Amino acid sequence: MKYVCKICGYVYDPEKGDENQNIPPGVQFNELPDSWVCPECGAGKEEFEPF
Amino acid sequence: MELIRNIFCIKAIDWDIANFHGYSTPFGTTYNGYLIRGEKNILIDTAKYYCENEFFEKIENILPVDRIDFVISNHAEMDHSGLIEKVIAKSNATLICSPKGKENLEKHFHKKFEKIIAVENGQILSLGNTTFQFFHTPMVHWPDSMCAYFIDKKILFSSDAFGQHFAGAEFFADEVGSDIIFREARKYYANIVNPYGAAVRKTLAAISGLQIEMILPAHGLIWRKPDDIKNIVNKYSAWASNQSGEKVLIIYETMWGSTKKMAEKCYIEAVKRNYKAEMFNLDIRDISDIVAEMPEAKIVLFGSSILHGQILPKMAGLLTYLTGLRFEKRKAWTFGSYGWARSSFERFEALVKAAGFEMPCNGYYVQFVPDENSIQTLIKQLKSGIFDPSQQQEHL
């Protein structure tokens, strides 16, 4: 499932992952490490909601 | 203009702008660069590309542009970054920005800057005989935004935060009436910063430990009086908490005057109940001026006629705009008139809800022209549905 950052609107897509933070494609949002932050605005995981 | 010794405001004044991508700017606006003259000459932010002549002439009045050593870019948006490439081409200065700023400036200019320092949040950097500390302030107002604190002089270069769209001969907020400048600061916050309240709270926390003797924003006037600094920081804190205000706003768009008639009745009833009420006709008022009042609002009444099975387009535009601005904790009610497509109001109510308003009850809609009975029903529904029962009725 995709998740959207409530602060800036960035959408985390598990099919794409997040290369810059070493998250390969296929990692679900709830599997992301707690240290992962929004790649656009730096918000923590708690600022995300289902998209 | 030398603000204090060796610190200059390089203000590019956009006298002609009346509409800043949809935000009405009746006073025009300014793009404020700041120049620090010293062992190293430092320019903080630039201006829109078409302000080139004025901007460079104002710098040259102080020192030759090619003597600038550092350019601090607090924000990659083009009204502040528009002349960065030209300043660097003339001076070979080193660019200083946040890591996100580096990324975004490269995407704007389609090039890599050779001499660039991407500063971390909280990083302290000495440039000649001056020392800065940088605070990342993502989403106040873009992901790349940061503030630069000039430690030696206790001055905060705040970028878009605490700014106003206000052009004039003045440089300081205390040179104009405080009602005017705080109103413009509120309009700016409501239209530009409001969606990012959580980010504003983080920014305020980051700067709360700093001694600040002057706030130098990238638009409008500078805050220098201790009371003004305290007030604007407190206002930002209140606005960022999204608390509702006290006013009733009646916002409507009308075709044949029926919705207008209902709006005027809503206004009178609100005043009778001793609310501070304001009425806005979307055919006449600009949406950014309406949004400027939203931080003060407790209840918002939206009225529209129905055209081709839809609410009127300016109302639809306002609701789209408000959905992005994410005001919270305000109650709303809808009203309007229709010819035959009454069901269109279901979508109207859904749009108002989607814009973040609490709707305690359905709206009231009248076919064609409201008669005395429908006006009485409107009043009854206002009383029982949206107006606070504890709000006392008083004589006009």
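Modeller: From the N terminus on, chain A runs β-β-β. The model is predicted.

Biologist: How many helices and strands does the secondary structure of chain A come to?

Modeller: Chain A has zero helices and three strands. Its radius of gyration is 9 Å, close to the 10 Å that the globule rule gives for 51 residues, so chain A is as compact as a globular protein of that length.

Biologist: What box do the C-alpha atoms of chain A fill, and what share of its residues count as buried?

Modeller: Taken along the principal axes, the box is roughly 25 × 20 × 15 Å. A residue counts as buried when its relative accessible area is under 20%. In chain A, 41% of the 51 residues count as buried.

Biologist: Now chain B. Is B:R5 buried or exposed?

Modeller: Exposed means over 50% relative accessible area. B:R5 has 65% relative accessibility, so B:R5 counts as exposed. In chain B, this residue lies in the loop between β1 (2-4) and β2 (7-14).

Biologist: Which residues form the positive surface patch?

Modeller: Lys and Arg are the residues that count as positive. Here the patch consists of B:R5, B:R37, B:R67 and B:K153.

Biologist: Where does B:P389 lie in chain B?

Modeller: B:P389 is in the segment after α12 (372-386). With a relative accessible area of 75%, B:P389 is exposed.

Biologist: How far apart are B:P389 and B:A332, in sequence and in space?

Modeller: They are 57 residues apart in sequence, and 15 Å apart in space from C-alpha to C-alpha.

Conventions:
Residues numbered from 1 in each chain as written. Chains lettered and ligands numbered in written order. Predicted model: local features only at pLDDT ≥ 70, side-chain atom pairs only at ≥ 80, totals over all residues. Heavy atoms only, no water. Patch = residues over 30% accessible without salt bridge, like charges linked within 9 Å, V, L, I, M, F, W, Y side chains within 5 Å. Areas by Shrake-Rupley, 256 points an atom, 1.4 Å probe, with all protein chains shown as cover. Salt bridge = Lys/Arg side-chain N within 4 Å of Asp/Glu carboxyl O. Charge placed at Lys NZ, Arg CZ, Asp CG, Glu CD. Helix = DSSP H or I, 4+ residues; strand = E, 2+ residues; numbered from the N terminus. Buried < 20%, exposed > 50% of the residue type's maximum accessible area, 1.4 Å probe, protein only. Rg over C-alpha atoms; globule rule 2.2 N^0.38 Å.
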